[in-house]
Amino acid sequence: MTDGQVDLSRPRTIHLVGIGGAGISAIGIILAAMGHRVSGADITETPAWPALIEAGVTLEVVPAVELFASAERHGAEVIAHSTAFPPTAEDRSMSAQVVNRAGILAAICRARPTVAVSGTHGKTSTTAMLATLLHGVGADPSFLIGAVPDGLGAAARWGGPEGVFVVEADESDGSFLELPAQVAVVTNIDEDHLDHWGSIEAIEAGFDRFIAAAPERVVCIDDPRSDRVAEAHGAVTVGEADNARYRIHDVHVERLTTTFGLSVDGAEVGPVSIGTPGRHHARNAAVAIAVAVGLGIDVHDAVRAVGDYRGVARRFAVVGEVDGITVVDDYAHNPGKVHALLSSAKEAGWNRVVVIFQPHRYSRTRDQGIDFGAALAQADVIAVVDVYGAGEDPIPGISGRTVLDAVLDLRPHAEVAWVPTLDDATAWAKAALRPGDLCLTVGAGDIAGLGARLLR
């Protein structure tokens, strides 16, 4: 059956293809909590399995060719699939309604007033901050976040009927344009995912459409593109800019804490303090406060509640400390995210910032290698691992050295290291790190496990 709007106003039997992925598994948990009968299949068991089983989802592992056919065994009326497993023409001819991840997520959004949080970087943290804030003031939010926030214990929850649904809205493939939202939030607009968009102009136009479709809008205006979008649509503005309604000032970062002043229409409501470091997190927290106030939360209650935020998995996640060396892991994988991460780290008070970076995708490394070099050049010591392909075939002449060369073009005397494998990175770090260092392991690939190896 062809795609169309999914009706979730009555209990449905829904099958999720590729259910082991982070995004689609979270949707499965929410659908089960809404009262639907949910099953799912994937080609391997993943860490999402225990939470899905606890939620009452029926799971199975099958070969890739049987992922859609397995829906028939569960009597599915609706099949929703992750982007990793697109349907064939034969799959679409099944009697069940077949939709993509964005289609089923849009149906969930139609069930509750929705706050959709997007941006080239910062959307996961901002979504988590807003969910933490609303939970802290007793607003009983529903939420779907790309990582698990400390203090909430889950990336997805379906709360009470009076609360809003806070959802991280993905711009990478344009799917955020399918989500019906009462409030559209934009943290920033930067160059990324050019494999889908093609140009920064197309990205900006996509965000313009995203925010234009919502009755209420909140935008951080500290970059010129988001400033233009905010002005065009009369959004509530946030940022360090003098003309921001929610104006951030006097940002202070000390190791794992960020404190800043905040005024609203000229009246001081701060200071605000959050348990994660970085000027960019001050912006994210101010955006969360602005959204909460728009939802009817008292601004002083919002300021207090956002202070409970302590970060999310793989966003400046402290792996541990040994011999005076602090090891932190971060998912940053585009130049804007890496730049923000290292800017924060540099002002947080460690003796040296040492970064071990793994580029993610050959195409991104080819298109943005120079920008990665500029972002990484902020660190005191830089090591680069070879590219994590994420399913892409290698591109001749493109490797981790592409990024390393870009660093040296900007800083010819920078302290750099080429460590092609994670074993190489481990051996190098043991010799290079010293007490007082912050060691950042950065990237969206299998570098996520490097921090624990370093501690061992």
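These legends describe close-up views of a predicted model.

**View 1. An open sheet of five parallel strands.** The strands are arranged in the order E3-E2-E1-E4-E5, and their pairing is parallel. Strand E3 (58-61) and strand E5 (97-100) stand at the edges with a single partner strand each, so one side of each has no neighbour in the sheet. From one strand to the next, the twist averages 20°.

**View 2. Strands E1 and E2 side by side.** Strand E1 (residues 13-17) runs parallel to strand E2 (residues 37-42), and five bridges join them. Val17 is placed opposite Ala41 in E2. Strands of a sheet pair through backbone hydrogen bonds.

**View 3. Two helices lying across the strands.** Helix H1 (residues 22-33) lies across E1, E2 and strand E4 (78-81), at about 170° to E1. Helix H5 (residues 101-109) lies across E4 and E5, at about 95° to E5.

**View 4. Strand E14 and its partner E13.** Of the eight residues in strand E14 (residues 257-264), six are buried, which leaves the strand mostly covered. Strand E13 (residues 246-254) runs antiparallel to E14 and is joined to it by seven bridges. Here His249 stands opposite Gly261 in E14. The hairpin of E13 and E14 has two residues between the strands, and in it Arg255 takes a positive phi near 55°.

View 5. Two bridges join E14 to strand E15 (residues 267-268), in an antiparallel arrangement, with Val264 opposite Ala267 in E15. In the hairpin of E14 and E15, Asp265 takes a positive phi near 50°. Strand E16 (residues 272-274) also runs antiparallel to E14, through three bridges, and Phe260 stands opposite Val272 in E16.

Definitions and conventions: Residues are numbered from 1 along each chain as its sequence is written. This is a predicted model: local features need pLDDT of at least 70, side-chain atom pairs count only at pLDDT 80 or more; totals for chains, interfaces and linings use all residues. Side-chain values use heavy atoms; hydrogens and water are left out. Two strands pair if DSSP finds at least two bridges between them. Helices (H or I, at least four residues) and strands (E, at least two) are DSSP runs, numbered from the N terminus. Axes are lines fitted to C-alpha atoms, for helices over the stretch in contact, and angles run from 0 to 180 degrees between N-to-C directions. Contact means heavy atoms within 4.5 Å. Buried means under 20% relative accessible area, exposed over 50%, partly exposed in between (1.4 Å probe, protein chains only).
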